[in-house]
Amino acid sequence: LPLPIGYRRELPPICSDVRQKQRLSIDTLPPEVKAPFPSDPIIPLRTKTTKEFQEDTERAVQSGDWREVREFYLTTFDSFIEINAAFKREPNGSFNTTDDSGVNAKFVNAVYDALLSTPQDIQKSVLKGIINSLLREWKGPRTKDDLRAYFILVQNPQYSSTSTYVIYAHLLRQIAVLSEADHHFLVHWLKKLSARRFRQLVERLLQFISTRLFPAEPDELPPLTKCSWWIPSATKVLSLFNAANSVSSPPIMPFTDFYNITLEHIDFMEEYRTWQNYGNSNRFSFCQFPFILSTVVKKAIIQKDSEQQMISQARQSLVSKVSRRQRVDMNLLFLNIKVRRAQLLSDSLDELTRKRCDLKKKLRVTFVGEAGLDMGGLTKEWFLLLVRQIFHTDYGMFTYMKDSRCHWFSSWKCDNYSEFQLVGTVSFIKTKNRHTCTFLFYSSSLSHTRTEEKETL
């Protein structure tokens with residue numbers, strides 16, 4: 001474009017820092033040449049404190065005049081800017097760190113604790129304000145003030161009612177599609193919540209997923225075909241809480257409290273096949289979020305997968321033999337181990353180590369020097385003898401605790417953990433062969449710092 005009349009300047013030299021020189025000289029341009037830069041919206045100043053709000057609420061309860069409280073709720077939840085104005089400690093402060101959200105948590109808790117006790121018209125006005133906030137067009141990346149608004153809105157206790165699930169779902173959807181960097185901020189802000197409120201939010205999300213899967217009344221929610229994004233959005237937001245729980249030391253709540261028992265009643269094998277076929281694509285599967293799956297579901301999935309892989313390996317072995325015109329050996333279909341009763345532990349360890357590639361095949365045991373065909377009895381006897389020897393107190397690997405009635409890793413030091421690996425291998429084989437095998441361990445020798453439930457599958 002031609003420069004304004006009367007304006008002259010030399011052409012910039014062609015060098016590596018030409019862009020830097022142009023950037024530094026932009027302020028020398030006349031005002032009519034400069035392009036306006038959009039500025040961040042100014043957050044209005046709100047001075048109401050937690051004490052003042054609580055006094056307003058008490059007066060309203062006593063007098064029945066809710067006008068002042070109604071005006072506060074109407075204004076506060078009308079937009080993201082107003083949410084920040086009400087709950088941000090410094091209205092126009094940046095607070096662009098993961099350590100401090102800048103939110104006045106005490107004030108947020110007071111406002112939400114009082115909300116469910118207000119008249120129905122005030123509660124409805126809050127929901128309408130949230131709808132208006134979520135329906136506004138937000139272009140480009142989210143600002144930290146937007147993240148603060150999402151962080152505050154997700155704590156609203158009104159979402160416990162199924163009548164608000166449509167609004168709740170849209171809020172969860174907008175949070176779920178945030179960038180990874182934004183999720184990182186939210187995770188660290190969420191872990192600063194009190195344990196009680198954190199648990200309430202987790203339970204609310206789990207209840208939302210369960211109710212969407214199995215509504216009490218078919219007509220109380222929109223058809224699942226028209227809102228298939230509800231459950232994926234809720235599960236992704238729940239994963240943020242799980243991440244916040246994981247990075248907290250100690251964890252805010254037990255990891256088992258994230259299990260959704262309702263998922264034991266769905267076709268979880270279909271979920272598994274979807275995950276296997278589509279991986280981490282946009283096709284949702286609960287298997288992408290294993291923290292939500294209970295031990296029952298995980299065990300069933302692993303067991304079924306093991307059976308399928310066993311059949312596949314056997315089929316490949318047979319096809320390979322036939323294609324090379326070799327005699328088919330039916331032993332290829334089994335994990336065959338031979339052990340001596342006198343050297344049961346060492347022989348079992350050697351056999352399982354040497355035949356690691358066959359661990360997913362069906363087990364068949366032979367005792368050296370004894371005639372017999374294993375139809376299941378010899379395998380059970382091998383399991384029994386092996387477990388008795390491993391867990392015997394004289395052997396020293398485990399210590400029996402009378403109070404918990406569980407075996408724990410003993411505190412003895414050793415340089416070779418192959419026998420502990422044998423325990424895991426045996427438990428895997430036992431689970432694969434449709435036997436229950438769950439151990440509860442505490443290991444000081446393996447550098448565990450706290451008691452954990454070890455699901456050896």
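A salt bridge is taken here as a side-chain nitrogen of Lys or Arg within 4 Å of a carboxyl oxygen of Asp or Glu, and the structure holds 17 of them. The model is predicted: local features need pLDDT of at least 70, side-chain atom pairs count only at pLDDT 80 or more, and totals for chains, interfaces and linings use all residues. Residues are numbered from 1 along each chain as its sequence is written, and side-chain values use heavy atoms, with hydrogens and water left out.

The chain contains 16 helices and 6 strands, where helices (H or I, at least four residues) and strands (E, at least two) are DSSP runs numbered from the N terminus. Of its 457 residues, 43% are buried; buried means under 20% relative accessible area, exposed over 50%, and partly exposed in between (1.4 Å probe, protein chains only). The accessible surface of the chain comes to about 26800 Å², with 54% belonging to carbon and sulfur atoms; these areas were computed by the Shrake-Rupley method with a 1.4 Å probe, and for residues only the protein chains shown count as cover. Contacts are defined by heavy atoms within 4.5 Å. Among contacts between residues at least 6 apart in sequence, 67% join residues at least 24 apart.

Arg-197 and Asp-113 meet through their side chains at 2.9 Å, N to O. Arg-197 is buried, with a relative accessible area of 14%, whereas Asp-113 is partly exposed at 47%. A second salt bridge joins Arg-148 to Asp-145, with the closest N and O atoms 2.9 Å apart. Both residues lie in helix α7 (residues 144-153), 3 residues apart, about one turn of the helix. An α-helix has 3.6 residues a turn, so residues three or four places apart point the same way. Arg-148 is buried, at 1% relative accessibility.

The side chains of Lys-48 and Glu-68 also form a salt bridge, at 4.0 Å from N to O. This pair links distant parts of the chain, 20 residues apart: Lys-48 is in the loop between α1 (18-24) and α2 (50-63), and Glu-68 is in helix α3 (residues 67-76). Lys-48 is partly exposed, with a relative accessible area of 26%, and Glu-68 is likewise partly exposed, at 49%. Lys-48 and Glu-68 belong to a network of salt bridges that also includes Asp-56 and Arg-59.

Helix α8 (residues 165-176) has 12 residues, and its end C-alpha atoms are 16 Å apart, in agreement with the 16 Å that it should span at 1.5 Å a residue; the expected span is 1.5 Å times one less than the number of residues. Since 9 of the 12 residues of α8 are buried, the helix is largely enclosed by the rest of the structure. Among the buried residues are Tyr-165, Tyr-168, Leu-171, Leu-172 and Gln-174. The buried residues of α8 pack against α6 (120-135), α7, α9 (180-190), α10 and α11. Helix α11 (residues 230-247) is itself mostly covered, with 14 of its 18 residues buried.

Thr-211 is found in helix α10 and is buried, with a relative accessible area of 9%. Leaving aside residues up to four places away in sequence, Thr-211 touches Thr-162, Tyr-165, Glu-220 and Leu-221.

Strands β1 (residues 334-339) and β2 (residues 362-367) pair in the parallel sense over 6 bridges, pairing being assigned if DSSP finds at least two bridges between two strands. Ile-337 stands opposite Val-365 in β2. Together with helix α14 (residues 344-354), β1 and β2 make a right-handed β-α-β unit; right-handed means that, with the strands pointing away from the viewer, the path from the first strand over the helix to the second runs clockwise.

Strands β3 (residues 398-401) and β4 (residues 406-409) run antiparallel and are joined by 4 bridges. Tyr-400 has His-407 in β4 as its bridge partner. The hairpin of β3 and β4 has 4 residues between the strands, and Arg-405 takes a positive phi near 55 degrees.
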